[in-house]
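Please keep the sequence and the coordinates at hand while reading.

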Amino acid sequence: MNEGGEKKVPKIVDEISDRYGTVVNYDHFLSDGMKSKKLTPLDKENLERFIGTNLDVLSGKVSLDDVGNKDASIKVDLFVPKIPTDPVVTGTLYTYIISRPSQATRGIVGGFSSDIDRKDGDAPWKYSNITMSNSDKVEILTNFGQADFEKLELKFVKKFLMSDLKSETKKIDFSPYYDYRKFHSSDYNWLGYAFYKFTTVKNSVPLTVVFAVKEDQYSEHETYPKNWFYVYMKRES
């Protein structure tokens, strides 16, 4: 990162941490004993912005260097292979959201992360995903509505069930590591009951975006998933 020697902007997480890396004067937005967390307007605004940034990277509208160097709220960690000649093909983006402390109250800090992948060092970034399944055993309720999807310029295409993937009625690959045949048994994916497929175009590049919901959050009458726990993003060209 930063091969051109460009000075990076200070990161929010560093700004609110002490010299040991411990965040001070802030409480985490997920507290001990909490069973579920409904995202606040500030949380949602930052999550939507984070999704948008991931889509911008996949489309090539912005580079990871741009994000790492210029975005104060996002840190980029690339996984450098042990063999120096091997290309960097995976990484993680972390975004930090804060509510500043006042004289009477402590601040609140939280965050989301995404994993990003590509085929080789010369290829564009092709896949990205964000999980909201749980953090510290707290289920996060994303509380999205139609306006949120429209803000992201996502066009609804269709929805389908995990059973459609198992039966191969639907054949959609979400990851470079496994195709739809293996999808249901990988990582958190088995928690997915229904999937909502959207498309968008950024930087003249078509993108597919799929939101997964658990069975207890699914409604067959919904066009838009209110409380999703995973979003899969894919560059289609």
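In this predicted model, Ile51 is in contact with Ile130, Phe144, Leu152, Trp228 and Met233, setting aside residues up to four places away in sequence. Ile51 and Trp228 are the residues with the most contacts inside the largest nonpolar core, which has 37 residues. The protein as a whole has six helices and 11 strands.

**Nonpolar cores**

- Another core lies apart from it and has nine residues, among them Leu165, Phe195, Ala212 and Tyr232.
- In soluble globular proteins, nonpolar side chains tend to be buried together.

- Helix 2 counts 19 residues and spans 27 Å from its first C-alpha to its last, close to the 27 Å expected at 1.5 Å a residue.
- Gly60 follows helix 2 and has a positive phi, near 85°.
- Asp43 is located in helix 2, which covers residues 41–59.
- Is Asp43 buried or exposed? Asp43 counts as buried because its relative accessibility is 6%, and buried means under 20%.
- Beyond its neighbours within four places in sequence, Asp43 makes contact with Phe29, Lys37, Ile97 and Phe112.

- Strand 4 (residues 90–99) is mostly covered, with seven of its 10 residues buried.
- Strand 3 (residues 74–78) pairs with strand 4 in the antiparallel sense over five bridges.
- Thr95 in strand 4 is the bridge partner of Ile74.
- Strand 4 also pairs with strand 5 (residues 107–117), again in the antiparallel sense, over 10 bridges.
- Opposite Ile97 stands Gly110 in strand 5; Ile97 is also one of the contacts of Asp43.

- Strand 9 is mostly covered: seven of its nine residues are buried.
- Strand 8 (residues 155–161) runs antiparallel to strand 9, and six bridges join them.
- Lys197 in strand 9 stands opposite Lys158.
- Strand 9 and strand 10 are paired in the antiparallel sense over nine bridges.
- The hairpin of strand 9 and strand 10 has two residues between the strands, and Asn203 takes a positive phi near 55° there.
- In a regular strand the side chains alternate between the two faces of the sheet.

**Val209**

- Val209 is placed in strand 10, where it is the bridge partner of Phe198.
- Val209 counts as buried because its relative accessibility is 0%.
- Which residues does Val209 touch, not counting residues up to four places away in sequence? Val209 is in contact with Leu55, Leu154, Tyr196, Lys197, Phe198, Val231, Tyr232 and Met233.
- The C-alpha atoms of Val209 and Thr199 are 5.9 Å apart in space, while the two residues are 10 residues apart in sequence.

**Glu222**

- Where does Glu222 lie? Glu222 is in the loop between strand 10 (205–213) and strand 11 (230–235).
- Glu222 is partly exposed because its relative accessible area is 23%, and this class lies between the cut-offs of 20% and 50%.
- Apart from residues up to four places away in sequence, Glu222 touches Lys159, Tyr196 and Gln217.
- Glu222 and Tyr196 are 26 residues apart along the chain, and their C-alpha atoms are separated by 9.7 Å.
- Tyr196 is also among the contacts of Val209.

**Whole-chain values**

- Of the 237 residues in the protein, 44% are buried.
- The accessible surface comes to about 12900 Å², and carbon and sulfur atoms account for 48% of it.
- Of the contacts between residues at least 6 apart in sequence, 63% join residues at least 24 apart.

**Confidence**

- The protein has a mean pLDDT of 86, with 86% of its residues at 70 or more.
- Among the elements, the highest mean pLDDT is that of helix 4 (residues 146–151), at 96, and the lowest is that of helix 6 (residues 180–183), at 54.

Conventions. Residues are numbered from 1 along each chain as its sequence is written. This is a predicted model: local features need pLDDT of at least 70, side-chain atom pairs count only at pLDDT 80 or more; totals for chains, interfaces and linings use all residues. Side-chain values use heavy atoms; hydrogens and water are left out. Helices (H or I, at least four residues) and strands (E, at least two) are DSSP runs, numbered from the N terminus. Buried means under 20% relative accessible area, exposed over 50%, partly exposed in between (1.4 Å probe, protein chains only). Contact means heavy atoms within 4.5 Å. Accessible areas come from the Shrake-Rupley method with a 1.4 Å probe; for residues, only the protein chains shown count as cover. Two strands pair if DSSP finds at least two bridges between them. The expected span of a helix is 1.5 Å times one less than its number of residues. A nonpolar core is a set of buried Ala, Val, Leu, Ile, Met, Phe, Trp, Tyr and Cys residues joined through side-chain atoms within 4.5 Å. pLDDT is the predictor's confidence in each residue, from 0 to 100.
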